[in-house]
Amino acid sequence: MSKHALLVANWKLNHDRKTAGVFIDAILANTLPEHISLAIAPVMTMLDFVGEKLSRSKIALAAQNVFYADSGAFTGECSAMHLKEVGVRYCIIGHSERRVLFHESDVDVGKKAHACLRAGLVPIVCVGESRDERVGGETFNVITRQLDAAFHDDVGAHEIIIAYEPVWAIGTGLTASAGQIDEVHGFIAQMARQAGKLNLRIIYGGSVNPQNIEEIMAISHVDGALIGGASLQAESFLSMVQKLQRYSSK
Ligand code: PGA
């Protein structure tokens, strides 16, 4: 099997300049595989600093959130244009922590995806069901609803990434089974085809780590991973990069 994988480190609210600098120096001391795309999403105030450290590497800069308006009276927010200005390439949107803790709706997520595309950023739209929704047989309805909001008409041929992150698997040590991932990723791929969104990659997130990444990457329609906890230590991140190497195209 040959895949061009994308590995995104979602640092959430972790690392400061000192520890982020140590992490990046440790990663860049290695020869990284050419055919794996890597990205790091630090805390917003460190985008500049991390971007500068990554500037001579192929590792891309990612943001963890964005606001949907370009400018105006929105105290505390940051627009896609501002992210673009500091060199951001990818922007995570609709992460379940933002949907649950900050009450982001599907409509908000759709507007954020649109704002990213307008500014030339690649949105990483997170979708996924809660434990109750899975137990209640609602998984595909939830994914359909979340994707419908993200597949805005203007998405067209723009590059977009969907991250399937079952909420019950995030930070819990529980990973979805290969069958569950296969089923949902296949479903997303089919919805994307029907919506004419062909420039799309589907990555998996939820307790991905060096022990399970190979098994997850072997599943069809898995184009990479969005990684939280296991992306915080350079050693663990590197170990996943090395394991992904075997699934990358030459
Ligand atoms: P986790 O987080 O790898 O710690 O489960 C993934 C995510 O929230 O993106």
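Student: Where is serine 207 found?

Tutor: This is a predicted model, and in it serine 207 sits in the loop that runs between strand E7 (200-205) and helix H9 (213-217).

Student: How should I read the backbone angle phi there?

Tutor: Start with the general idea: most residues other than glycine have a negative phi. Now the case here: serine 207 is not a glycine, yet its phi is positive, about 60°.

Student: Is serine 207 buried or exposed?

Tutor: Buried means under 20% relative accessible area. Serine 207 has a relative accessible area of 17%, so it counts as buried.

Student: Which other residue has a positive phi although it is not a glycine?

Tutor: Look at histidine 15, with a phi of about 75°. You will find histidine 15 in the loop between strand E1 (6-10) and helix H1 (17-28). Its relative accessible area is 23%, so histidine 15 is partly exposed.

Student: Let's turn to the ligand. Which residues come nearest?

Tutor: There are 13 residues around the ligand, and Lys12, His95, Glu165, Gly171 and Ser207 come nearest.

Student: How much of the ligand does the protein cover?

Tutor: On its own the ligand has 280 Å² of accessible area, and the protein covers 95% of that.

Student: And how do I read a nonpolar core?

Tutor: The general idea is that in soluble globular proteins, nonpolar side chains tend to be buried together. Here, the largest nonpolar core has 70 residues, and Leu7, Leu83, Val125, Ile162, Ile188, Tyr204 and Ile213 touch the most other members. Helix H8 (residues 178-194) supplies the largest share of this core, 7 residues. Apart from this core lies another, of 15 residues, including Leu6, Ala62, Tyr90 and Leu226.

Student: What is isoleucine 188 in contact with?

Tutor: Set aside the neighbours within four places in sequence, and isoleucine 188 is in contact with Val127, Ile143, Leu147, Ile162, Tyr164 and Ile202.

How values were computed: Residues are numbered from 1 along each chain as its sequence is written. This is a predicted model: local features need pLDDT of at least 70, side-chain atom pairs count only at pLDDT 80 or more; totals for chains, interfaces and linings use all residues. Side-chain values use heavy atoms; hydrogens and water are left out. A nonpolar core is a set of buried Ala, Val, Leu, Ile, Met, Phe, Trp, Tyr and Cys residues joined through side-chain atoms within 4.5 Å. Buried means under 20% relative accessible area, exposed over 50%, partly exposed in between (1.4 Å probe, protein chains only). Helices (H or I, at least four residues) and strands (E, at least two) are DSSP runs, numbered from the N terminus. Contact means heavy atoms within 4.5 Å. A residue is near a molecule or strand if one of its heavy atoms lies within 4 Å of it. Accessible areas come from the Shrake-Rupley method with a 1.4 Å probe; for residues, only the protein chains shown count as cover.
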